[in-house]
Amino acid sequence: MRLYQQLVLFMLAATVLPLAAVGFLLLSRAEAELAARIDAEQRAQAVATAESVGATMMEVVDALARSAELIDWQAASDAETQGALRLLYGQSPAVSAVLKLDAEGRPLGAPVFRAQAIDGHPAFAPESLDRLVRSIPVQTLRGGGKGQAALGSAYVHSDEGRSAVAVAVKLAEGEGAPFAVAEVVLHPLEAVLRRRLGEGLGRIDLVDEERRVLASTAPERRGQALAPELSAHLLAPALPLTERVRSFRVESPPRRVSVARVPHGMRFDVLVDVDESTALAPVHGMRRTVLLSIGATFLVLLGLGALFTRRLNVRLAEVVRGAEAYGRGELDTRLKVSGQDELSELATTFNRMGEELEAARARMLRWNDDLRVRVEEATADLKAAQAQLVEAQKLAAVGQLGAGVAHEINNPLAGILGNVQLLMLDRGATDPDLESLRKIEQSAKRCKEITQNLLRFSQQRERAELRPVDLNAVVRDALSLTEHQLRGDGVALTSVLGDGLARVRADPGHLSQVVLALVSNARTAMLNSPQKRLTLRTGEVGGFGFLEVEDTGKGIAPNVRSRIFEPFFTTKDVWSNVGLGLSVAWRVVTEAGGSIEVRSEVEQGSCFTVKLPKA
């Protein structure tokens with residue numbers, strides 16, 4: 001990454017990002033405070049509007065109740081009753097119809113109603129009379145006195161585009177007294193809602209318990225059902241008066257809403273709804289201003305950073321040229337030091353480094369001379385190792401020669417053995433030469449067996465051919481090649497071969513080489529021992545066949561026990577063209593999936609255990 005890019009990142013991390021974070025934090029806090037203030041103002045507006053609506057409705061109800069209380073309805077004739085109903089009808093322009101009912105809710109006489117719309121007040125449709133009668137709260141007034149009034153439930157005439165509420169007034173004392181029912185249209189309340197909204201944002205709706213808009217500052221909303229996210233927040237009538245106001249936020253689109261219950265027992269709610277983006281427009285404008293300010297600041301910082309890095313790059317180029325000179329081996333190059341800033345300190349350090357490099361090169365030349373001497377010594381050691389390798393190759397050649405000799409000897413032995421057997425056929429049981437011929441036959445068979453074992457042992461393959469092998473047979477064949485030499489050295493040989501031993505998975509030729517190597521090492525270790533005992537055991541344990549070769553030789557010291565399987569490593573006092581036996585044995589056994597374990601004590605002997613998997 002270039003220096004200029006790093007500087008840009010630094011300016012972002014050190015100045016622009018913190019300023020942006022602080023700015024947006026303050027804006028978020030201001031937005032939260034503004035939202036809280038909007039909620040508070042909305043609640044106050046909703047409460048005030050609800051009280052105004054309640055007061056307006058109570059004025060109409062009280063006017064109807066007072067007028068009905070002044071008339072003697074029981075003594076009035078039909079004409080007087082119609083005149084009284086017209087008197088009630090004229091108490092408020094919001095009254096669109098008045099009707100007299102008996103105690104059971106049945107109409108008495110003709111209703112008085114507005115037949116035509118006047119000044120925006122809708123006319124009353126006679127076919128709506130039945131709905132008006134069903135909406136009156138007659139049951140709540142039967143036990144009351146004359147002039148007692150009650151509000152019924154609101155209803156909406158979807159085909160006529162008007163909403164209304166029934167008001168019932170008792171016309172006499174007693175449970176059997178008649179009632180006067182008036183339909184009060186709610187559209188005039190929209191003037192109250194618009195007055196309360198004033199020049200503010202949003203809208204105000206008057207809704208009933210069935211979540212329908214009865215009146216609104218947006219007339220096109222009359223009769224519409226509230227959205228579900230608004231309906232869920234309407235207030236219950238049973239709440240205390242102090243809790244009958246609530247503010248909340250809805251999504252799609254985001255809006256701030258406050259709802260308040262109309263007092264005086266009315267089952268209406270006032271909703272004050274304002275679009276959040278409009279209400280929070282000042283904060284959003286401030287956010288755009290902050291973003292523009294941060295962008296301008298960043299551009300200014302980029303320009304200043306470009307000027308600074310250009311000046312810095314000129315001085316760093318000189319350092320680069322000095323480094324390139326050092327790379328070409330010109331360690332006498334020095335930089336010009338000017339000023340007291342960090343680059344001047346860098347130039348001073350660079351010059352000091354050049355001096356140290358010159359001194360180091362001188363020391364390196366001296367070390368090269370020392371290294372040359374050490375290489376010559378290592379070369380001498382390598383030549384000695386090569387000589388040992390040559391001796392090992394001689395051993396391999398001797399093995400090949402032995403195979404050839406065994407093959408050549410085997411043919412004359414076959415002829416000798418055949419002739420002796422023919423002579424024996426011509427001799428009788430009492431012939432004095434028969435015993436001599438038998439000895440000749442036994443000796444010839446013994447020589448043929450030895451040459452065959454030698455031939456099998458010498459026929460080694462470069463790659464192991466693993467197959468089921470009789471471990472006892474391999475041990476017997478290997479001992480046939482070395483048993484005579486062991487007994488000639490005074491070694492007492494004991495073979496404890498397990499009966500019924502399962503076959504193991506190995507290469508027979510390579511396994512014979514392992515047995516001979518272990519027996520040869522044991523014989524060599526016992527050359528100077530007072531007691532010379534060699535024991536070979538075979539058996540099975542844990543899914544493996546095993547071979548133990550135990551001797552009473554000089555043992556292996558603990559400090560070299562971990563190296564006995566290394567090539568050319570030997571514990572013999574004089575190297576005798578050996579040193580590869582154990583390393584080859586370890587390789588053969590591990591290739592067959594087995595392992596070699598060793599137990600040894602100094603001057604007490606050693607025991608090698610070869611474990612091979614069963615076939």
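These questions and answers walk through a predicted model, from salt bridges to a cavity.

Student: How many salt bridges does the count come to?
Tutor: A salt bridge needs a side-chain nitrogen of Lys or Arg within 4 Å of a carboxyl oxygen of Asp or Glu. By this rule the count is 23.

Student: Which parts of the chain does the pair Glu209 and Arg267 tie together, and how many residues apart are they?
Tutor: The side chains of Glu209 and Arg267 form a salt bridge, 3.2 Å from N to O. Glu209 is in the loop between strand 6 and strand 7, and Arg267 is in the loop between strand 9 and strand 10, so the pair joins parts whose separation in sequence is 58 residues.

Student: Where do Asp489 and Arg523 lie, and how many residues apart are the parts they tie together?
Tutor: Asp489 and Arg523 meet through their side chains in a salt bridge of 2.9 Å, N to O. Asp489 is in the loop between helix 10 and strand 12, while Arg523 is in helix 11, so the pair ties together parts with a sequence separation of 34 residues.

Student: Which strands hold Glu550 and Arg537?
Tutor: The side chains of Glu550 and Arg537 meet in a salt bridge, 2.9 Å from N to O. The pair links distant parts of the chain, 13 residues apart. Glu550 is in strand 15 and Arg537 is in strand 14.

Student: What are the relative accessible areas of Glu550 and Arg537?
Tutor: Both residues need a look. Glu550 is partly exposed, at 28%. Arg537 is partly exposed too, at 27%.

Student: What is the phi of Arg211?
Tutor: Arg211 lies in the loop between strand 6 and strand 7. Arg211 is partly exposed, with a relative accessible area of 29%. Arg211 is not a glycine, yet its phi is positive, at about 65 degrees.

Student: Is Glu603 buried or exposed?
Tutor: Glu603 also has a positive phi without being a glycine, about 65 degrees. Its place is the loop between strand 16 and strand 17. Exposed means over 50% relative accessible area. Glu603 has 58% relative accessibility, so it counts as exposed.

Student: Which residues make the nonpolar surface patch of about 320 Å²?
Tutor: Begin with one of its members, Leu307, in helix 7. Leu307 is exposed, with a relative accessible area of 60%. The patch is made by Val300, Leu304 and Leu307.

Student: How much space lies in the largest cavity?
Tutor: Rolling a probe the size of a water molecule over the atoms shows where empty space is left. The count comes to one cavity of 30 Å³ or more. The space in the largest cavity is about 70 Å³.

Student: Which of its lining residues are closest to the centre?
Tutor: Eleven residues line the largest cavity. By class, eight are nonpolar, one is polar and two are charged. Closest to the centre are Ala506, Asp507, His510, Val588 and Ala592.

Student: Which helix gives the most to that lining?
Tutor: Helix 11 and helix 12 are the elements that give two or more residues to the lining of the largest cavity. The one that gives the most, with three residues, is helix 12.

Student: How far apart in space are Arg476 and Ser512?
Tutor: Arg476 is in helix 10. At 48% relative accessibility, Arg476 counts as partly exposed. Arg476 and Ser512 are 36 residues apart in sequence. In space, C-alpha to C-alpha, they are apart by 9.5 Å.

How values were computed: Residues are numbered from 1 along each chain as its sequence is written. This is a predicted model: local features need pLDDT of at least 70, side-chain atom pairs count only at pLDDT 80 or more; totals for chains, interfaces and linings use all residues. Side-chain values use heavy atoms; hydrogens and water are left out. Helices (H or I, at least four residues) and strands (E, at least two) are DSSP runs, numbered from the N terminus. Buried means under 20% relative accessible area, exposed over 50%, partly exposed in between (1.4 Å probe, protein chains only). Patches are made of residues with over 30% relative accessible area and no salt bridge: like charges are joined within 9 Å, nonpolar side chains (Val, Leu, Ile, Met, Phe, Trp, Tyr) within 5 Å. Accessible areas come from the Shrake-Rupley method with a 1.4 Å probe; for residues, only the protein chains shown count as cover. On a 1 Å grid over the protein atoms alone, a cavity is a set of points where a 1.4 Å probe fits but cannot get out, and a pocket is an open set with protein on both sides within 12 Å along at least five of seven lines; lining residues have an atom within 4 Å of a point. Grid points are joined across faces, edges and corners, and a volume is the space filled by probe spheres set on the points. Ala, Val, Leu, Ile, Met, Phe, Trp, Tyr, Cys and Pro count as nonpolar, Asp, Glu, Lys and Arg as charged, and the others, Gly among them, as polar.
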